[in-house]
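Visitor: I would like to learn how to read a model like this one. Could you take me through it feature by feature?

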2 protein chains.
Amino acid sequence: MPNGEKAKEDLFIGIDLGGTKIITALVGKTGRIISRDYRQTEAAKGLDAVVARMIDAASEVMNGGGVVSAQISAVGVAAPGPIDAKSGVVTTPPNLPGWTDVPLRQLIQDGLGLPTALENDANAAALAEHRFGAGRGTEHMIYITASTGIGGGFILNGELYGGATGAAGEIGHMTILPQGPHCGCGNRGCLEALASGTAIAREARERVKCGIPTLIADLAKGDLKHISAKLVAQAAGQGDIEAQEILDEAMTYLGVGMANLVNLFNPELIVIGGGLTNMGARIFDPVRSIIQRRAFRAAAQVVRVVPAQLGDDVGVLGAAAVAMLSEKWN
Amino acid sequence: MPNGEKAKEDLFIGIDLGGTKIITALVGKTGRIISRDYRQTEAAKGLDAVVARMIDAASEVMNGGGVVSAQISAVGVAAPGPIDAKSGVVTTPPNLPGWTDVPLRQLIQDGLGLPTALENDANAAALAEHRFGAGRGTEHMIYITASTGIGGGFILNGELYGGATGAAGEIGHMTILPQGPHCGCGNRGCLEALASGTAIAREARERVKCGIPTLIADLAKGDLKHISAKLVAQAAGQGDIEAQEILDEAMTYLGVGMANLVNLFNPELIVIGGGLTNMGARIFDPVRSIIQRRAFRAAAQVVRVVPAQLGDDVGVLGAAAVAMLSEKWN
């Protein structure tokens, strides 16, 4: 078998399109990253400019790896949801203002002349952790990313579960408190509105506004805009009771959400990624203990809750995993 | 092909074991019920007596259908959960007091000399509605039974989803209100504790105890023990505001639970069975409207919510469907 032929079977390009940055990589079948490209999305310059940047980034990683287009098997794109994976259309991403029903898969495929697949970023990340990270070898795995928002994806019977139209996996929009705070999705009391970084910062701002004495106010130097989940965690780490209470409450809701998933899906593994996992035990301890308290014993005793392993590469590896899966369809 | 041979491929026995009655049927591959047997469980007489009654009932339906054991392909048993489907063990059914880790599959298999499979009743019912009822032809279907308790089963990618250890599908034990009423499972604010027939009756009793004027008290002739969900529905039908409020509140929670399932599973169909569906529009209207209000549009616009079609046969047809599936493994 000629060399070029062999390489063609093994190389993929993953493009992780975010609202602020694009991460692109040349990736081998085992998840090894051969070359990378980081650049700003510059979403304000419009769709055409973003697509051109994505195509340019793909060329860069091929150059970096010393390969040409003919050696690439497929391209995968992870984009902010909601998307329609089947038609390859990004529908109405809140992080990419002005994008409506963009046929991103086709645009990248035409631009690169390579078979391209599209998946939403949370599902792509679930695939990456399952294929290359904390979930290797599992059959029933739930991936959750807890960051400014809360998203996730389900690996059921060893495969990504998409549901009827690819819209499954909206973990962050389970209602946990029917009369709870309003959520960006239009619903109330969603897990995301109670336990995300955004929810933590909102609750902290409300307490500071009420004049409740807390280190958070000092750390923010009195500017409400400086209050973030990270800052709340910092205050909690320094012993601030209010900050600890805010985090404990949020993590309790997160645990309730996870207990629900345990009762519904009976997974063997829950992998938690995203910025909030930097809190370590302050997120994992309550989640684990609430699952044991609230879920059925049969399901609770078999599930492990672990941190994600792929860090900032999860998106681009997920995009590459989407490309690898798409080979089946081509 | 000799006649006996042909019949062997087509005939199954389904045994629906409940806390109060055993329903048994001889069933053809298409779900046609050829003969039936109804009898009391008489659980108080102990395990051996119940197993003997199940075996006797199976003989009865074979006699009724004019067939002998050699013509039966397989036997399926639907039993109250929790069970371990793989090992065929009924673990700790609340409806069968004194049963702990009963190897029911083996007991029936030995008693009848026929390959036997065991599944919990909610999963069996999901299989029945998918194979013979409202869910025919669907790939992603959620079955929910709303009765004294709330249970369910998931058909995902055309197959019953069991999870890591067969414990998936505990729809009734999703937490919808973290500080809500205590549930029999040990958790608080479960869907079952908020929206089941038992929850409706409990709320009605509390209002009557508080002396709130309501037709429910009159219909119960002042005896709290007479208050049931059925009686509350009757009072609501006669225009009683309290009764209507109790039902509306319960059905709102049911709708919240269903909206969660829509966001998580993106199903094409939700099939609702169980006694509460006798209320008709009073259950289906709020559930449908809350899904539209609370779930993501992409998922909400594709899901249909329909009543179960198999009525009281759902259990025995589910047991037969379990037998049909088990053929794959034998």
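Predicted model: local features only at pLDDT ≥ 70, side-chain atom pairs only at ≥ 80, totals over all residues.

Visitor: What area do chain A and chain B bury between them?

Guide: Buried area is the accessible area (1.4 Å probe) that two parts lose on being put together, summed over both. For chain A and chain B that is about 3,200 Å², with 59% of it on carbon and sulfur atoms. A:Y161, A:L264 and A:R294 supply 22% of the area that chain A buries against chain B, more than any other three residues.

Visitor: How many salt bridges does the rule find across the interface of chain A and chain B?

Guide: A salt bridge needs a side-chain nitrogen of Lys or Arg within 4 Å of a carboxyl oxygen of Asp or Glu. Across this interface the rule finds zero.

Visitor: Which residues of the largest nonpolar core touch the most other members?

Guide: In soluble globular proteins, nonpolar side chains tend to be buried together. A nonpolar core is a set of buried Ala, Val, Leu, Ile, Met, Phe, Trp, Tyr and Cys residues joined through side-chain atoms within 4.5 Å. Buried means under 20% relative accessible area, exposed over 50%, partly exposed in between (1.4 Å probe, protein chains only). The largest core has 108 residues, and A:I171, A:I291, B:I171 and B:I291 touch the most other members. A second, separate core of 31 residues includes B:M141 and B:V306.

Visitor: What does B:I171 touch?

Guide: Leaving aside neighbours within four places in sequence, its contacts include A:L264, B:F154 and B:M258.

Visitor: Is B:S196 buried or exposed?

Guide: B:S196 is buried, because its relative accessible area is 1%. Beyond four places in sequence, B:S196 is in contact with residues including B:S147, B:T148 and B:L276.

Visitor: And is B:A57 buried or exposed?

Guide: B:A57 is buried, with a relative accessible area of 0%. Not counting residues up to four places away in sequence, B:A57 touches B:T24, B:D37 and B:R39.

Note on methods: Residues numbered from 1 in each chain as written. Chains lettered and ligands numbered in written order. Heavy atoms only, no water. Contact = heavy atoms within 4.5 Å.
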